[in-house]
Amino acid sequence: MNTESSHFKSKDFAIRAQKKILSQFSSRKTAKVFISENLSTLLDLLYQLVKTHTSDKKVAEKFVKNLIKLSIKIGILTQNEQFSPEEVKIASNFAEKFRTIAMTIASFSEVDFSYDQKFLLSAIDHCELQITSLVKNHLTEKSINRINFLATQLRDPALLDAAFNKGTQQNQIMVKIVDEINVALDRGDL
């Protein structure tokens with residue numbers, strides 16, 4: 001029996017098991033054990049934003065759980081060096097783009113009349129394509145559907161408009177989100 005192929009299979013199994021076990025811990029409360037207070041607060045605020053917009057607690061919970069599950073799975077793949085050099089470039093480009101989007105969202109909130117819905121819609125589409133491209137060879141169709149669900153929620157023009165139009169409940173939450181984004185950017189967490 002070839003020990004290399006045996007070792008490779010056991011490593012694959014161990015990675016699948018890690019993804020499965022950790023995906024069971026996808027609640028906001030459990031996530032607080034593994035992530036910084038700042039990122040935990042961001043998850044809570046995203047939950048509030050989606051719940052306020054959709055008036056549906058289950059959709060908001062699904063949004064946050066999907067975000068946590070995908071983050072955990074991508075983290076496990078990264079930690080176990082499962083990405084090819086091309087995929088590492090995709091991940092690096094995504095991280096850079098995501099950081100730019102976070103800074104842009106902050107400026108949209110802080111600078112009057114700077115909000116650009118078309119820019120955000122395009123950025124969300126781009127991020128969805130990059131993340132899907134990154135994980136398509138490593139995760140199941142169910143995970144790809146999670147990515148699509150997240151992007152679909154974020155791509156809602158009514159949500160974006162409400163989040164950036166002063167005086168709305170969503171805008172009040174967005175102001176808090178931007179405060180947390182700024183903290184995360186300063187700390188290098190985003």
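## Close-up views of a predicted helical model

View 1. Leaving aside residues up to four places away in sequence, Lys-97 touches His-126, Cys-127 and Gln-130. The model shown here and in the views that follow is a predicted one. Lys-97 itself belongs to helix α5, and with a relative accessible area of 27% this lysine is partly exposed. One of its contacts, Cys-127, is 30 residues apart from Lys-97 in sequence, while the C-alpha atoms of the two residues are 7.7 Å apart in space.

**View 2. The whole chain, as a setting for the close-ups.** The secondary structure of the protein consists of nine helices and zero strands, so that the pattern read along the sequence is α-α-α-α-α-α-α-α-α. Of the 190 residues in the protein, 38% are buried, and the protein exposes about 11,200 Å², of which carbon and sulfur atoms supply 55%. Among the contacts with a separation of 6 or more, 73% are accounted for by residues 24 or more positions apart.

**View 3. The largest nonpolar core and the place of Ile-105 in it.** The largest nonpolar core holds 48 residues, and the members that touch the most other members are Ile-105, Met-174 and Ile-177. Two or more residues are given to this core by each of the helices α3 (37–54), α4 (57–79), α5, α6, α7 (141–154), α8 and α9 (169–187), with α4 providing the largest share, which is nine residues. When residues up to four places away in sequence are not counted, Ile-105 touches Leu-120, Phe-164, Met-174, Val-178 and Ile-181.

View 4. A search of the whole structure finds five aromatic pairs. Phe-108 is buried, at a relative accessible area of 9%, whereas Tyr-115 is partly exposed, at 21%. Tyr-115 also pairs with Phe-164, and here the ring centres are 4.9 Å apart and the planes lie at 15°, so this pair is stacked. Phe-164 counts as buried because its relative accessibility is 8%, below the cut-off of 20%. Together, Phe-108, Tyr-115, Phe-119 and Phe-164 form one aromatic cluster.

**View 5. A lysine over an aromatic ring.** In this view the charged end of Lys-62 sits over the ring of Phe-149, at 4.5 Å from the centre of that ring.

**View 6. A salt bridge within helix α4.** The structure as a whole contains four salt bridges, and one of them joins the side chains of Glu-61 and Lys-57, with 3.9 Å from N to O. Glu-61 and Lys-57 are separated by about one helical turn, because they are four residues apart in helix α4. Both partners count as partly exposed, Glu-61 at 29% relative accessibility and Lys-57 at 48%.

**View 7. A salt bridge between two loops.** Lys-166 and Asp-112 form a salt bridge in which the closest N and O atoms are 3.6 Å apart. This pair links distant parts of the chain, with Lys-166 in the loop between α8 and α9 and Asp-112 in the loop between α5 and α6, 54 residues apart. Lys-166 counts as exposed at 55% relative accessibility, while Asp-112, with a relative accessible area of 48%, is partly exposed.

View 8. Glu-128 forms a salt bridge with Arg-155, and the closest N and O atoms of the two residues are 2.8 Å apart. Because Glu-128 lies in helix α6 and Arg-155 in the loop between α7 and α8, the pair ties together parts that are 27 residues apart in sequence. Glu-128 counts as buried at 16% relative accessibility, whereas Arg-155 counts as partly exposed at 22%. Asp-125 joins these two residues, and Asp-125, Glu-128 and Arg-155 are linked in a network of salt bridges.

Notes. Residues are numbered from 1 along each chain as its sequence is written. This is a predicted model: local features need pLDDT of at least 70, side-chain atom pairs count only at pLDDT 80 or more; totals for chains, interfaces and linings use all residues. Side-chain values use heavy atoms; hydrogens and water are left out. Buried means under 20% relative accessible area, exposed over 50%, partly exposed in between (1.4 Å probe, protein chains only). Contact means heavy atoms within 4.5 Å. Accessible areas come from the Shrake-Rupley method with a 1.4 Å probe; for residues, only the protein chains shown count as cover. Rings of Phe, Tyr and Trp (its six-membered ring) pair if their centres lie within 6.5 Å; planes under 30 degrees apart count as stacked, over 60 as edge-to-face and the rest as tilted. A charge sits over a ring if NZ of Lys or CZ of Arg is within 6 Å of the ring centre and within 35 degrees of the ring normal. A nonpolar core is a set of buried Ala, Val, Leu, Ile, Met, Phe, Trp, Tyr and Cys residues joined through side-chain atoms within 4.5 Å.
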